[in-house]
Every structure is written in C-alpha cells, then in structure tokens.
Amino acid sequence: MTRFGILATTAAAIIAVVLPFFLKPFGIYLISMWAVLTIAAIGLNLTLGYAGQVSMAQGAFVGIGAYTVALLTQAGCPFALAFAAAGVLCFAIGWMLGYPALRVAHHYLAFVTLAFTTLVFLVLRNEEWLTGGTYGINGILRPAFFGLSTAKPQPFYYFCLGTLAVLALATWWMLRSPWGRAFKGLRENPIRAQSLGIDTRRYTLMAFAIGAGLGGLSGALYAPLVQFIEPGSFALGLSFNLLLMVIVGGSGYFFGPFVGALVAVLLPEWMRIAEGYYLIVYAVAVMVMMAFCPSGILGLVERIRNAASRSDRAAPALRAEGAGP
C-alpha cells in the first residue's frame with residue numbers, strides 16, 4: 001500500500017471511530033447499515049471483482065444469514081454460535097451454487113444466480129411454518145458479550161465496525177496469499193491459469209463459497225440491527241444494490257466495497273431533500289458516475305493519480321529541453 005493509501009485508510013478509520021459521538025440515533029443506524037452491507041459487498045467483490053464470477057445471489061445469502069440468526073437466537077441459541085452457523089451454512093450453499101459456474105459463465109451464470117435468489121425469496125415467503133412468511137420475524141434481540149449489552153445504537157455500531165475490521169483484514173491477508181493470486185488468474189485467463197497448474201475448479205467453488213459466507217455473516221448482523229426481517233428485504237433489489245456498491249466503488253479494488261456502500265447507503269438519504277424526486281436524482285447521479293468512471297470511484301482516483309505522476313515525471317524532461325541551446 002502506498003503512503004497515500006496508508007494515510008487515507010488511517011483517516012477513514014479515525015472518522016469511523018469518532019463519528020458516532022456526533023450523530024443522532026438514526027445517523028448511527030445508517031453508518032451501522034453501511035458497516036453491515038460493506039461485509040456483503042466485500043464478499044461479492046471477491047466473487048466478481050477478483051475471481052471474475054458473475055453473481056446476483058448475494059442478497060439471498062444475506063437473507064439466509066439473517067433468518068438463521070433470527071431463528072436460532074429466538075430458540076435460545078447463543079448469538080456467537082448462531083453467527084458462526086450463518087456463515088458456515090452460506091459457505092456450504094455457496095459451494096454448491098458454484099457448480100453451475102463450472103459449466104456456464106458471464107450472463108448465463110447471472111441468470112442462474114438470479115434464479116437462486118428468486119428461489120430463496122419464494123421459500124422465505126411461502127414456508128410460514130419456518131420463516132413466518134410475509135409476517136416476518138419480529139423482536140430480534142441484539143447480543144450481549146461478557147455482560148456488556150449492544151442493545152443501544154452506539155455499542156452495536158462498534159460491534160458491527162469491529163466485525164467489519166476483522167473480516168476485512170482476513171480478506172486482505174487472503175488476497176495477498178497464493179489464493180488471491182489464483183483468484184486473479186481465474187479472472188484474467190482461466191485457460192492460462194489451468195495450464196500453470198491452478199485448480200480452476202476448486203478456486204471457482206472457493207470464490208463462490210467464501211463470498212457467500214461473507215454474505216451470511218452480513219445477514220447475521222443485519223437481523224439484530226433492524227430487529228425485524230421479512231422476505232421482501234432480501235428480494236432481487238438487495239442483490240442489485242450490492243452489485244451497485246461493488247461497481248460504483250470499483251470492482252477488483254479492495255476498498256471499492258467500502259466506498260460503494262457509503263454511496264449506496266448515504267446518497268439516497270442526502271437526496272431526500274429533493275422530496276418525491278430523490279430516487280430519480282439518485283438514479284441519474286449513478287448513471288452519470290458510471291458514464292464518466294466505469295471503473296468506479298477508486299478507478300477514477302487511480303487514473304487521476306497516474307496522470308499526475310506522469311506529469312511529474314515529464315516536467316524535468318521538459319525543463320531540460322527548455323534549457324538546451
């Protein structure tokens with residue numbers, strides 16, 4: 001990481017820690033939602049941005065994780081165990097969903113994952129004996145650790161932020177391991193990666209499974225954050241929103257999901273000053289952003305920095321030419 005990246009990351013971390021002291025409960029709820037959805041977006045960025053596998057199922061995994069935690073905790077299971085169960089269950093389902101990716105790719109794979117999201121939504125809506133159907137599940141309690149409750153907005157935000165930090169560091173380490181290099185090889189040229197001895201079948205399944213597991217852990221935090229879940233919250237709209245976060249922030253950039261989730265969570269709220277037109281304004285803002293920086297916000301920042309760097313390198317040569325005979 002460059003010096004600029006270290007400074008920017010440090011400044012962002014300090015802001016994330018001190019910001020709740022200056023916000024009202026609704027503001028803390030919004031930044032908590034940012035932390036929760038960033039975890040899901042990190043998982044999708046791993047699957048899409050690094051491994052190059054198109055997935056529209058991330059919202060479904062968030063829903064599976066949310067319902068797993070809600071059902072287990074209401075049955076008397078400790079939150080820590082329910083949290084782990086949500087991640088493991090989504091990891092296993094993601095591994096199985098990865099098998100179609102071994103046979104189809106690109107938009108065909110997108111349709112497969114869209115079908116899976118629809119299937120999960122129908123199960124959550126129709127199986128009332130398990131999920132409560134359209135009535136959902138209410139009264140989901142926030143956890144307590146060592147006698148310290150996270151029931152109030154600020155403690156729960158710090159719990160979400162700490163979880164995000166741990167999972168982000170684990171993902172950072174993984175992407176700089178041989179696994180990360182294998183994922184990038186899978187994205188760039190699967191045939192060449194296979195010729196170099198990379199087990200593309202295994203890494204395709206792992207990309208789906210790990211991304212799905214992170215989606216499940218995000219849902220495990222989403223349930224106690226909102227304290228009421230119902231099937232409509234995990235329909236196709238959530239998967240599209242998570243995809244928007246990855247693309248707007250910068251697909252394939254580690255901090256892309258952080259920036260993209262910030263835009264997707266906060267921008268609609270800022271746009272509410274436009275009253276009934278805020279969704280139109282939001283949609284236009286996203287389209288303009290994508291038209292001028294298709295590689296996302298971080299891609300645009302990188303291009304600006306590269307242009308500035310080239311200008312700095314060219315300046316001495318130009319001065320030398322001007323000083324010649």
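How do the residues of the lining of the second largest cavity divide into nonpolar, polar and charged? The account below, which rests on a predicted model, answers this and then turns to the pockets and to selected helices.

## Enclosed cavities

The lining of the second largest cavity consists of four nonpolar residues, four polar residues and no charged ones. The residues concerned are Leu 44, Thr 47, Ser 55, Gln 58, Phe 61, Phe 208, Gly 211 and Ala 212. Two or more of the lining residues come from each of H2, helix H3 (58-74) and helix H10 (200-226). H10 makes the largest contribution, with three residues. The space within the second largest cavity is about 40 Å³.

In total, two cavities of 30 Å³ or more are counted. The largest cavity holds about 50 Å³ of space. Its lining is formed by Ile 42, Asn 45, Leu 46, Tyr 50, Thr 171, Leu 175, Phe 254 and Pro 257. Helix H2 (25-50) and helix H7 (153-175) each provide at least two of the residues that line the largest cavity, and H2 has the largest share, with four. By class, the lining of the largest cavity has six nonpolar residues, two polar residues and no charged ones.

The volume of the largest pocket is about 1500 Å³. It is lined by 42 residues, and Thr 9, Ala 12, Phe 255, Phe 258 and Val 259 are the closest to its centre. Helix H1 (3-18), H2, H7, H12 and helix H14 (296-322) each give two or more residues to this lining. H1 contributes the most, with nine residues. The lining of the largest pocket comprises 32 nonpolar, six polar and four charged residues.

The second largest pocket contains about 370 Å³ of space. Of its 17 lining residues, those nearest the centre are Met 33, Leu 37, Asn 241, Ala 264 and Val 265. At least two lining residues are supplied by each of H2, helix H11 (236-249), H12 and helix H13 (278-292), and the largest share, five residues, belongs to H2. The lining of the second largest pocket is made up of 13 nonpolar, two polar and two charged residues.

## Helix H4

Helix H4 covers residues 79-97, and its end C-alpha atoms lie 27 Å apart, in agreement with the 27 Å that 19 residues should span at 1.5 Å a residue. Its buried residues are Phe 79, Ala 82, Phe 83, Ala 86, Gly 87, Cys 90, Ile 93, Gly 94 and Leu 97. Viewed down the axis of H4, these buried residues fall within an arc of 135°, so they line one face of the helix.

The elements that cover the buried residues of H4 include H3, helix H5 (107-126), strand S2 (144-145), H7 and H10. Leu 81, Val 88 and Met 96 are exposed on the other side of H4.

## Helix H10

H10 has 27 residues and extends 39 Å from its first C-alpha to its last, close to the expected 39 Å. Of these 27 residues, 24 are buried, so H10 is largely enclosed by the rest of the structure.

## Val 263 in helix H12

Val 263 belongs to helix H12 (residues 256-270). Its relative accessibility is 17%; because buried means under 20%, Val 263 counts as buried. Apart from its neighbours within four places in sequence, Val 263 is in contact with Val 248, Pro 268, Tyr 282 and Ile 297. A distance of 22 Å separates the C-alpha atoms of Val 263 and Gly 216, which are 47 residues apart along the chain.

Terms used. Residues numbered from 1 in each chain as written. Predicted model: local features only at pLDDT ≥ 70, side-chain atom pairs only at ≥ 80, totals over all residues. Heavy atoms only, no water. 1 Å grid on protein atoms, 1.4 Å probe; cavity = no way out; pocket = protein on both sides within 12 Å on 5 of 7 lines; lining within 4 Å. Points joined across faces, edges and corners; volume = space filled by probe spheres on them. Nonpolar A, V, L, I, M, F, W, Y, C, P; charged D, E, K, R; others polar. Expected span 1.5 Å × (residues − 1). Buried < 20%, exposed > 50% of the residue type's maximum accessible area, 1.4 Å probe, protein only. Arc of directions from axis to C-beta. Contact = heavy atoms within 4.5 Å.
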